[in-house]
Amino acid sequence: MSAAVGTTGDEAAEAAGPAIGVFALQGDVREHLRVLAALGARTSAVRAAPDLAGLDGLVIPGGESSVMDKLSRLLGLAPAVRAAIDDGLPVYGTCAGMIMLADRIANPITGQQSLGGLDITVQRNAFGSQVDSFETRLAVPAVSADPVHAVFIRAPAVLQSGPGVEVLASVPAERLESGHDCGLATGFVPVAVRQGNLLATSFHPEVTGDWSFHRYFLDRVVRRAR
Amino acid sequence: MSNITESSAGSYTSNPADPTPGTIEDSGQGSPRTGTARVKRGLADMLKGGVIMDVVTAEQAKIAEDAGAVAVMALERVPADIRAQGGVARMSDPDLIDQIVESVSIPVMAKARIGHFVEAQVLEALKVDYIDESEVLSPADYVNHIDKWDFTVPFVCGATNLGEALRRITEGAAMIRSKGEAGTGDVSEAVKHIRTIRGEIAKLSALSKDELYVAAKELQAPYELVAEVAREGKLPVVLFTAGGVATPADAALMMQLGADGVFVGSGIFKSGNPEARAAAIVRATAQYSDAAAVADASRGLGEAMVGINVADLPAPHRLAERGW
């Protein structure tokens, strides 16, 4: 398990590898832990507020956002993560993780809240039901020279984003479920965004074997914040 | 056959160990594909650590969603009622399924009879998110299961042992649940089945390559799939548990025994206080290794479902024996 797999040079500084937690209340926690460990991170599961101590970064996995929200508030994890976000903790959210990071949810279940931090409005299940779930290759020049393998599973999409948000990748808006086209200005809907130390994708790199987004998070977000 | 080898030999589960992106199912640039093994199995991955609840009305579906269900299973009668009322149990009325799909935003699953591929076609047309080819309904075919590779929608199937699980995966199941004995509130069969499956996987992992050929013969499953399970030490799909879970402690027990998540059928809406019990089972499933949290979740829930001891059930009424 060499750090050289994913990181580029600076072995001395990276000897120990960054400490990355995975938000582990529900969802595909295991997949993220495996990718991060293979890229040389020291990984841990985050189930309660004290687990956040000493982390260099946090990943919020895929899963059901309404369940993550409910459990994170019930267990007192939500305010602690929000405080860490406000303190500049790098966080990467995939799918449900994107919804958790969004300041606004267009179609929450009753009482659903998010952690917030990313100045975006997301639509849950924006592409339709499971039979509409898809995988594809996306051009993401900021992240990878090669197209990125992206798996969208009942995925959210970014309907609106504030001026501080950098759009890293988009898909044609025609893939959105009809009736969910909420007046997008262009024919494309963002599916990967970054704002400062917060990174979010509608899709799931952790189930593909394409590690480019995890590398980007470790090298370009976490390392710069350390 | 090529389907099977492609998706299993693609070692979807072991991809993080595979440094070459997109070595399997390379979709080419800009050509989105639906219904791939990765997309089907992926939804089950996202359900891990969650509770899937049986519901028979839109109101129940809403209660389940509000209580923290990760998905709901739409059906006409919960297993306890199927058991009590007898008769042939079939796929639900499409109107009912539509109402449930409309009422919630979490994934909706629905049951088709074993081998009834037209019920499955109907459920796919209704855009349910997962189909359960279920022994809880009356089997439509006592020889063949549905060819699940034929569908865009993913399937979950029941299994009592590893061979049965691997045959279902060979047929295209994207998720497995241990069967248990549905509609009883007696968790003993669920425990037996998850222990059996996990134990058989552990045994496979200890075998040498030449022994795996015989293991494949004995499990009545394809060698490639058996070898993959031996190598990875787990199924290539998510393993949930079902059948008899009625309390928060039952759910935590199944999680400690290695289930990835829990189906609760009659246990919630056949109990005294469904809202509280549903939320408590969700909490116990998430915090399954924290006894104090499970204790807290178990307080003040009112009556659990009455239940039937599996030992008192005459063999023809044991649902787990359906499917092969």
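Which residue in β1(B) is the bridge partner of Phe134(A)? That's where I'd start reading this one; my notes follow.

1. The residue is Thr34(B). Keep in mind that this is a predicted model. The pairing itself is antiparallel, with β7(A) and strand β1 (residues 33-34) of chain B joined over two bridges.

2. With β8(A) it pairs in the antiparallel sense over five bridges. Phe134(A) turns up again here, standing opposite Phe152(A) in β8(A). So what we have for Phe134(A) is Thr34(B) as bridge partner in β1(B) and Phe152(A) across from it in β8(A), because strands are counted as paired when DSSP finds at least two bridges between them.

3. How covered is β7(A)? Five of its five residues are buried. In a regular strand, side chains alternate between the two faces of the sheet. In β7(A), one side carries Phe134(A), Thr136(A) and Leu138(A), the other Glu135(A) and Arg137(A), and both faces are covered.

4. Now the wider interface. Chain A puts 44 residues into the contact and chain B puts in 56. On the chain A side, Val131(A), Glu135(A) and Arg137(A) lose the most area to chain B, together 17% of what that side buries. The area buried between the two chains comes to about 3900 Å², with carbon and sulfur atoms giving 55% of that.

5. On the polar side of things, there are 18 residue pairs in polar contact between chain A and chain B, both residues at pLDDT 80 or more. The elements of chain A that give two or more residues to this side are α2 (29-38), α3 (65-74), β7 (134-138) and β8 (148-152). By class, that side has 15 nonpolar, 15 polar and 14 charged residues.

6. Salt bridges: the rule finds five across the interface. One to look at is Arg30(A) with Asp260(B), at 3.1 Å from N to O.

7. Last, have a look at Arg124(A), in the loop between β6 (118-123) and β7 of chain A. Why does Arg124(A) count as buried? Its relative accessibility is 2%, and the cut-off for buried is under 20%. The side chain of Arg124(A) makes a polar contact of 3.0 Å with that of Glu64(A). Beyond its sequence neighbours, Arg124(A) also touches residues including Ile99(A), Asn107(A) and Pro156(A), plus Ser105(B) and Ile106(B) from chain B.

Note on methods. Residues numbered from 1 in each chain as written. Chains lettered and ligands numbered in written order. Predicted model: local features only at pLDDT ≥ 70, side-chain atom pairs only at ≥ 80, totals over all residues. Heavy atoms only, no water. Contact = heavy atoms within 4.5 Å. Buried area = accessible area lost by both parts, 1.4 Å probe. Salt bridge = Lys/Arg side-chain N within 4 Å of Asp/Glu carboxyl O. Polar contact = N/O pair within 3.5 Å; in protein donor to acceptor, adjacent residues only side chain to side chain. Helix = DSSP H or I, 4+ residues; strand = E, 2+ residues; numbered from the N terminus. Nonpolar A, V, L, I, M, F, W, Y, C, P; charged D, E, K, R; others polar. Buried < 20%, exposed > 50% of the residue type's maximum accessible area, 1.4 Å probe, protein only. Lists of a residue's contacts leave out its neighbours within four places in sequence.
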